[in-house]
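Visitor: I'd like a quick tour of this one, with the cut-offs spelled out as we go. Could you take my questions one at a time?

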Amino acid sequence: MDICNFSTALPKHAKKPGVSSNEWLRRQRKDLYVKQAGKENYRCRSAFKLKQINDRFKILKPGHVVIDCGAAPGSWCQVAAQEVNADGEDVSQPRGTVIGIDLQNMAPIDGVHLLSLCDFTSEGTQNCIRNILQDRKADVLLSDMAPAATGVKSHNHEAIIKLCFSVLKFGLSVVREGGTIVCKLWTGGDQPRLEKAMHAICENVRVVKPDASRGDSAEIFLMGRGFRGFRNPP
Ligand SMILES: C[S@@+](CC[C@H](N)C(=O)[O-])C[C@H]1O[C@@H](n2cnc3c(N)ncnc32)[C@H](O)[C@@H]1O
């Protein structure tokens, strides 16, 4: 997990398991993305993961509706808000919507609907998201959710896969035809099952590992484009 510049919302499990505190701190101090996040006022170096995904695949456009699951401390929401013009600052472009959800508390971000202290997997939270959407559908559904890491790789993998499946399931009812889903996961035995499920509902599925995602981390992102839902519902 990344160090965050926004100390009041530092993720509980900010330390990467298996790396000593001193080693982790040394690495963070050297990390260019940590420095750059500070310079560009992003709450967390994770911002650059979404920026790099977007630079390459152009998934975020002005006017888009974006749902960001696992949003704390808020750097993906900051990036999404800029890209979709969520605060309406650019009057020549359509104004977009960003909804960020997290178990943790998040400080406000201009133009972003934040659902703090909310479990994305609960029905209540998903209904809150639907209320904000009203009759609109999401253009982009993002998940950078990470469960509390246990130190046992296989458990962490199982837990994150479960979160990814909850994102896909929710996506079935809220993502527009042709929309995009991006899910973070840690690699492991269930990755093919998740890819298969994404293939069943999206035209195009690929694994993405942006440069800002540390090379020694099992983290990858699965991106499904051309959302179409089930052609032949099971
Ligand atoms: C890697 S951090 C997200 C960083 C964020 N993308 C950013 O750029 O600021 C992962 C987040 O997922 C959240 N999370 C894990 N399980 C969740 C759940 N069931 N519902 C909502 N958030 C969850 C954690 O609380 C944590 O803040």
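Visitor: In which helix is Arg130 found?

Guide: Before that, some ground rules: this is a predicted model, where local features need pLDDT of at least 70, side-chain atom pairs count only at pLDDT 80 or more, and totals for chains, interfaces and linings use all residues. Residues are numbered from 1 along each chain as its sequence is written, and side-chain values use heavy atoms, with hydrogens and water left out. Helices (H or I, at least four residues) and strands (E, at least two) are DSSP runs, numbered from the N terminus. Arg130 falls in the run covering residues 123-133, which is helix H5.

Visitor: Is Arg130 buried, partly exposed or exposed?

Guide: Buried means under 20% relative accessible area, exposed over 50%, and partly exposed in between (1.4 Å probe, protein chains only). Arg130 has a relative accessible area of 31%, so the label is partly exposed.

Visitor: With which side chain does the side chain of Arg130 make a polar contact?

Guide: Leaving out residues up to four places away in sequence, Arg130 touches Phe170, Ser173 and Val174, where contact means heavy atoms within 4.5 Å. At 2.9 Å, the partner side chain is that of Ser173.

Visitor: Why do the buried residues of H1 line one face of the helix?

Guide: In H1 (residues 21-30), the buried ones are Trp24, Arg27 and Gln28. An α-helix has 3.6 residues a turn, so residues three or four places apart point the same way. The arc is that of the directions from the helix axis to the C-beta atoms. Seen down the axis of H1, the buried residues line one face because they fall within an arc of 100 degrees.

Visitor: Which exposed residues does the face of H1 turned away from its buried side carry?

Guide: The cover over the buried residues of H1 includes helix H2 (32-39). On the face turned away from that buried side, the exposed residues are Asn22, Arg29 and Lys30.

Visitor: How much of the ligand does the protein bury?

Guide: A backbone N or O atom of Trp76 is 3.1 Å from a ligand oxygen, and one of Phe120 is 2.9 Å from a ligand nitrogen. Taken alone the ligand exposes 600 Å² (accessible areas come from the Shrake-Rupley method with a 1.4 Å probe; for residues, only the protein chains shown count as cover). Of that area, the protein buries 94%.

Terms used
Polar contact = N/O pair within 3.5 Å; in protein donor to acceptor, adjacent residues only side chain to side chain.
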